[in-house]
Amino acid sequence: MNEMRDHIEFEYGGENIALPLTTGTEDETAIEIGTLRNTTGLVTLDIGYKNTASTTSAITFIDGDKGILRYRGYSIETLAEKARFLEVAYLLIFGELPTADQLLKFEQLYRQYTLLDEGLKKLLDAFPSAAHPMDMLSALTAAWAAFDPQPLDVADAEQLCRSAAKILAGFPILTSWIYRKKCGLPLNYADAELHYAANVMQLMFRVPTARYERDPVLTAALDKLLILHADHEQNCSTTAVRVVGSSRAGLLASISAGVSALLGPLHGGANQFVVEMLQAIKADGGDIEKYLDKAKDKADPFRLMGFGHRVYKNFDPRAKIIKGYADDVLEKLGVDDPILDIAKKLESAALADDYFVSRKIFPNVDFYSGIIYRALGIPVEMFTVMFALGRLPGWIAQWLEMRKDEQPVSRPRQVYTGHTQRDFVPLDQR
Ligand code: SDX
């Protein structure tokens with residue numbers, strides 16, 4: 001291919017084909033293939049979209065080789081250290097950090113929606129207690145739309161602000177109800193006077209028969225974890241939200257699809273499997289090498305959960321930050337969690353092992369997050385729900401960007417590999 005300034009050219013079928021190049025603000029360059037099929041009859045094949053950009057986006061930038069993550073140009077390290085989750089949600093959704101007045105207005109709006117329709121509790125009751133929390137969350141999120149069917153006019157800024165505030169306010173209520181149902185506890189109501197993370201904690205843990213003692217260490221740690229999970233460009237669940245929304249399905253229906261995608265063990269479900277893996281290693285005498293060998297054995301389906309990433313071929317910056325918090329939170333709480341020691345030993349052993357080093361497999365966001373969730377008293381089955389709670393503003397922001405850009409319905413092509421035409425064989429002759 002001859003690279004021209006803003007085009008590439010290649011020869012196909014005796015024709016000289018020119019395709020335009022698009023370069024983003026961080027100098028990532030893509031070949032625009034929108035005209036490829038009409039001009040050549042060719043389509044591109046990239047199973048799992050490992051090399052395919054599905055969209056342009058101005059929300060989150062990741063440099064996987066350098067371990068960089070920025071939301072709207074601000075580094076994740078700075079936001080995790082200096083901002084609050086609702087500020088970061090505002091930044092992701094509306095594109096700028098809010099002024100004090102804008103944040104105050106957004107928080108007032110959010111407080112107006114800290115009551116969910118009681119009818120949703122009837123649906124919650126219908127679930128078996130053994131149901132996975134993410135299955136319940138996906139179903140309740142889709143059902144929520146039925147209680148609030150108003151279609152969202154993406155051109156109406158005031159409506160957008162209201163919708164975002166409503167979903168950010170209602171989602172933690174749903175997640176807490178799911179947790180309380182699984183524990184057989186009475187459902188709590190939001191406390192609109194508390195800041196976001198403190199309200200999440202009281203929704204989950206307040207017991208009606210006792211005074212609820214808020215712990216600033218716990219709520220600060222949760223607030224940071226929510227920030228670290230808030231967006232991550234075109235990951236699997238965000239792609240699901242965008243694809244469903246591209247048909248002009250509603251925001252809650254699209255978020256419900258994102259919740260279902262996040263449940264998968266190769267995506268958000270990994271944080272639950274990390275802790276279960278570490279507990280299994282502990283129960284098995286702490287034999288780190290045995291599990292590293294299993295992860296390297298192609299005949300063994302076992303993978304090192306919390307390790308590896310499609311984009312990061314360096315440290316996941318979130319994993320580094322969370323690892324630091326894990327030490328801090330456990331120390332402040334006086335918790336000595338043996339699986340943290342196993343996690344650290346596993347990490348250092350893997351990072352010294354050529355199998356992982358040569359494949360650039362590093363700890364990802366899920367590797368240490370579960371250790372903090374455990375310290376917060378959150379049960380392992382709720383870990384992916386907490387991931388969804390953090391990712392909510394990212395899903396909202398990405399869906400809004402897709403709709404504001406008036407993107408077409410997502411409908412990929414394929415390469416057919418099945419039977420060519422054949423004649424029908426009557427039943428009595430088969
Ligand atoms: C998240 O996309 C996002 O941004 C996601 C996320 C977000 O914030 O939204 O960051 C959140 O999903 C983090 C990832 C959580 N999942 C896990 O921790 C599950 C374990 N990780 C792997 O399954 C895997 O690393 C993936 C799925 C995360 C990424 O896999 P890829 O990019 O498709 O890479 P691959 O499966 O093609 O693996 C390449 C090689 C293979 O070996 P070879 O064929 O070259 O011999 O690396 C090996 C794989 O077997 N490999 C692993 C491994 N991860 C990759 N081997 C053992 N253990 C692992 N964890």
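Guide: In this predicted model, helix H7 supplies four residues to the lining of the second largest pocket, which is the largest share of that lining. Helix H7 spans residues 157-183, and together with helix H11 (251-262) and helix H18 (383-404) it belongs to the helices that each give at least two residues to the lining. In total 17 residues line this pocket, and those that lie nearest its centre are Asp148, Gln150, Leu152, Leu251 and Leu252. Sorted by class, the lining consists of nine nonpolar, four polar and four charged residues, and the volume of the pocket comes to about 300 Å³.

Turning to the ligand, its shell is made up of 25 residues, with His232, Phe307, His309, Arg318 and Arg391 as the closest. By class this shell holds ten nonpolar, seven polar and eight charged residues. Taken on its own, the ligand has 1100 Å² of accessible area, and the protein covers 79% of it.

As for the chain that holds these parts, it has 18 helices and seven strands, and its C-alpha atoms fill a box of roughly 80 × 65 × 55 Å along the principal axes. Because a compact globule with 430 residues would have a radius of gyration near 22 Å, the 24 Å of this chain agrees with that expectation.

Notes:
Residues are numbered from 1 along each chain as its sequence is written. This is a predicted model: local features need pLDDT of at least 70, side-chain atom pairs count only at pLDDT 80 or more; totals for chains, interfaces and linings use all residues. Side-chain values use heavy atoms; hydrogens and water are left out. On a 1 Å grid over the protein atoms alone, a cavity is a set of points where a 1.4 Å probe fits but cannot get out, and a pocket is an open set with protein on both sides within 12 Å along at least five of seven lines; lining residues have an atom within 4 Å of a point. Grid points are joined across faces, edges and corners, and a volume is the space filled by probe spheres set on the points. Ala, Val, Leu, Ile, Met, Phe, Trp, Tyr, Cys and Pro count as nonpolar, Asp, Glu, Lys and Arg as charged, and the others, Gly among them, as polar. A residue is near a molecule or strand if one of its heavy atoms lies within 4 Å of it. Accessible areas come from the Shrake-Rupley method with a 1.4 Å probe; for residues, only the protein chains shown count as cover. The radius of gyration is taken over C-alpha atoms; the globule rule is 2.2 Å times the number of residues to the power 0.38.
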